[in-house]
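This report describes the surroundings of one residue and then the chain as a whole.

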Amino acid sequence: MGGQMASHATVLILYAHPLLGVGLQKLLAAEEDLDVQALDTREEDPLAALAGHPDVVILERGTAVERGAVLEALPDALLIDVGVDAAGAFATHREAIGTRG
């Protein structure tokens with residue numbers, strides 16, 4: 001009616017294991033308000049994908065990408081650190097770890 005557009009959050013999944021990356025992409029892509037891209041870090045440049053300024057980055061532990069590099073490139077993004085190990089998942093906002101000069 002009023003022409004209101006729903007806001008979409010952009011999600012970038014950086015993975016090394018396709019089961020994790022592609023699986024999460026398919027699961028999250030079912031949500032109307034999410035634009036989801038998955039990137040195999042063994043085949044593509046993950047830092048170039050950060051230039052799209054996603055709102056959320058899901059980073060698989062064990063990839064060549066470091067959490068600090070993501071937080072530096074995207075200070076306003078939510079970083080979710082996940083793995084196929086038993087260590088669980090962690091979410092980090094840059095302000096939670098302090099800013100760097």
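## Contacts of Thr-41

Leaving aside neighbours within four places in sequence, Thr-41 touches Leu-14, Tyr-15, Ala-16, Pro-46, Thr-63 and Val-65, where contact means heavy atoms within 4.5 Å. Thr-41 itself sits in the loop that runs between strand S2 (34–40) and helix H2 (46–49). Helices (H or I, at least four residues) and strands (E, at least two) are DSSP runs, numbered from the N terminus.

Thr-41 counts as buried because its relative accessibility is 14%; buried means under 20% relative accessible area, exposed over 50%, and partly exposed in between (1.4 Å probe, protein chains only).

## Basis of the model

This is a predicted model, in which local features need pLDDT of at least 70 and side-chain atom pairs count only at pLDDT 80 or more, while totals for chains, interfaces and linings use all residues. Residues are numbered from 1 along each chain as its sequence is written, and side-chain values use heavy atoms, with hydrogens and water left out.

## The whole chain

The protein chain contains 4 helices and 5 strands, arranged along the sequence as β-α-β-α-β-α-β-β-α. Of its 101 residues, 35% count as buried. Among contacts between residues at least 6 apart in sequence, 49% join residues at least 24 apart.

## Confidence

Mean pLDDT (the predictor's confidence in each residue, from 0 to 100) is 83 for the protein chain, and 81% of the residues reach 70 or more. Over residues 1–5 pLDDT stays under 50, and the model has 0 contacts beyond four places in sequence for them. Residues 97–101 also have pLDDT below 50, with 5 contacts beyond near neighbours in sequence. Where pLDDT is low, the predicted coordinates should not be read in detail.
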